[in-house]
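Let's take a walk through a protein model together.

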Amino acid sequence: MDAARFLFVSADAALITDLAWQVHREGHDVKYYIEAESDREIGDGFVPKADDWRAEVDWADVIIFDDIWVGSDIGTGALAAELREEGKAVVGGTPNTDHLEEDRGYAMEVLEAHGVNTVEHHIFHDFDEGIRHVQENPVPYVIKPLGEVQNVKRLLYVGSEDDGSDVVDVLEAYKKAWGHRMKGFQLQRKVEGVEVAICGFFNGNEFIDQVNFNFEHKKLFPGNIGPSTGEMGTSMFWAGQNKLFTETFGKIEGWLADEGYVGSIDINCIVNENGIYPLEFTPRFGYPTIALQEESIESSTGEFFYDLAHGNDPELEVHNGYQIAVRVVLPPFPFDDEKTYDENSRNAAVVFETEGRDGIHIEDAKKVDGQWRVAGDNGMPIVVTGKGETMQAARQQAYDRIDDVVMPNMYYRDDIGERWVDGDGDRLLAWGYLGP
């Protein structure tokens, strides 16, 4: 296709830098706007920037939003819907699809209304009421905060005691430490099995044929130990619309069409021999999932999103194998400590021992006089990816590439993809979920 004009909008943190860079490298005209002042240097030297995204709307052939503005007065879903009414081609949500992520209770209602199986769950706005529920119904639960603090990843707690006593202890602690900010929480009955995220791309009318299945690694340390982070890495593969898809997204495809949703949407599930149990939606791009999806897309990324935004049926060619992404981070990630960040990470050089940059994706990075540097204040400069015919081959390629990266104080998980090798893949196959 001829070069198109893409406007990328980061309404909060700069999350979509790598996708903007990829589309720019393919020869398209790109402008990138970042709302957060602390993040505006991210992407400098990699992609052209815009000072006011609204002033560029008429210029753009495609407008792509990166997040939903959780906690803001207006979500990007409302902005995307407004722009579509004006005839613009937009990758983004709607007010109701934003609500899927903001309100987990609403998300469960949508699923149940369309015949999707869900885990037993209860919403509470009072800590004492939630504690009484656990004491009267003693089983393991997962605590999921609601509202403005739901993105504070360390507050998500997965119970392990059969009588729920650890959940009671955590709720009592949260009442004292977070009661002024945590206005509500969901208690979700814990289900054992394989955790898998089903990710589809929706063009406003229907899902495209290729479906992405990915496995998040959220804890900071190998072995799934330590504090929860946004994510430390992802393993994935692409397949057709198999049973995992038809029992979840297949049942709400009409609802999404009525909404006019356009873009990536993800539903995280626990799967076992008894069924598929959706846990939560991500009605936007996932991070660093989008970087790994870019790596595995073998056709034009820009053309794919152009067609998706215009309601076409995109031709998507993807790597027929396995892929992994590893987030390489710096202190104090995943915590906020300005002094530690200033001393260890701010403006640090990202050095490569070889000339190749295959599999290197930017998150919080900039380029100054040809030198890659850490940007922003989050300590997540790059994502490194690998792919192969087996998950082990993908792991080998990714970690070989990390060996070529030099950043003082950098750290990362060295076990991304091992869960698949250690049995998740075999279990999904045995339970009959891995179709074409």
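Predicted model: local features only at pLDDT ≥ 70, side-chain atom pairs only at ≥ 80, totals over all residues.

Residues are numbered from 1 along each chain as its sequence is written, and side-chain values use heavy atoms, with hydrogens and water left out.

Let's start with the strands. Helices (H or I, at least four residues) and strands (E, at least two) are DSSP runs, numbered from the N terminus, and two strands pair if DSSP finds at least two bridges between them. An open sheet is built from four strands with parallel pairing, in the order 2-1-3-4. Its edges are strand 2 (29-34) and strand 4 (90-91), each of which pairs on one side only. Strand 1 (residues 5-10) runs parallel to strand 2 and is joined to strand 2 by six bridges; Ser10 stands opposite Ile34 there. Helix 2 (residues 76-85) lies across strand 3 (62-65) and strand 4, and runs at about 170° to strand 3. For such angles, axes are lines fitted to C-alpha atoms, for helices over the stretch in contact, and the angles run from 0 to 180 degrees between N-to-C directions.

Another open sheet has eight strands in the order 13-12-9-10-11-14-19-16, and its pairing is antiparallel. At the edges stand strand 13 (275-282) and strand 16 (360-362); each has a single partner strand, so one side of each is left without a neighbour in the sheet. On average, neighbouring strands of this sheet are turned by 30° against each other, direction ignored. Strand 14 (residues 322-328) and strand 19 (residues 382-388) run antiparallel and are joined by seven bridges, with Ala325 having Thr385 of strand 19 as its bridge partner. Helix 8 (residues 249-259) packs on the sheet and touches strand 9, strand 12 (262-272) and strand 13, its direction making about 35° with that of strand 9. Helix 10 (residues 301-309) also packs on the sheet, touching strand 9 and strand 12, and its direction makes about 70° with that of strand 9. Contact here means heavy atoms within 4.5 Å.

Now for helices that pack on each other. Two packed helices are described by the angle between their axes and the distance between the axes. The axes of helix 5 (residues 127-136) and helix 6 (residues 165-178) come within 10 Å and cross at roughly 175°. Helix 5 and helix 6 are therefore roughly antiparallel, where angles under 35 degrees count as roughly parallel, over 145 as roughly antiparallel, 65 to 115 as roughly perpendicular and the rest as oblique. Residues in this contact include Phe127, Ile131 and Val134 of helix 5 and Val168, Leu171 and Tyr174 of helix 6. Helix 3 (residues 95-102) and helix 4 (residues 104-113) pack at an angle of about 115°, with their axes 6 Å apart, which makes helix 3 roughly perpendicular to helix 4.

What lies inside? A nonpolar core is a set of buried Ala, Val, Leu, Ile, Met, Phe, Trp, Tyr and Cys residues joined through side-chain atoms within 4.5 Å; buried means under 20% relative accessible area, exposed over 50%, and partly exposed in between (1.4 Å probe, protein chains only). The largest nonpolar core has 96 residues, and Phe8 and Phe305 have the most contacts inside it. Strand 9 (residues 194-203) gives the largest share of this core, six residues. A second, separate core of 17 residues includes Phe124, Ile131, Val168 and Leu187. Not counting residues up to four places away in sequence, the residues that Phe305 touches include Phe6, Val62, Phe201 and Phe285.

Trp21 is found in helix 1 (residues 17-25) and counts as buried at 10% relative accessibility. Trp21 and Ile362 are 341 residues apart in sequence, yet 8.5 Å apart in space, C-alpha to C-alpha. His361, in strand 16, is buried with a relative accessible area of 4%. The side chain of His361 makes a polar contact with the side chain of Glu295 (3.1 Å); a polar contact is a pair of N or O atoms within 3.5 Å, and within protein one must be able to donate a hydrogen and the other to accept it, while residues adjacent in sequence count only if both atoms are side-chain atoms. Glu295 is one of the buried residues of helix 9. Eight of the eight residues of helix 9 (residues 289-296) are buried, so helix 9 is largely enclosed by the rest of the structure.
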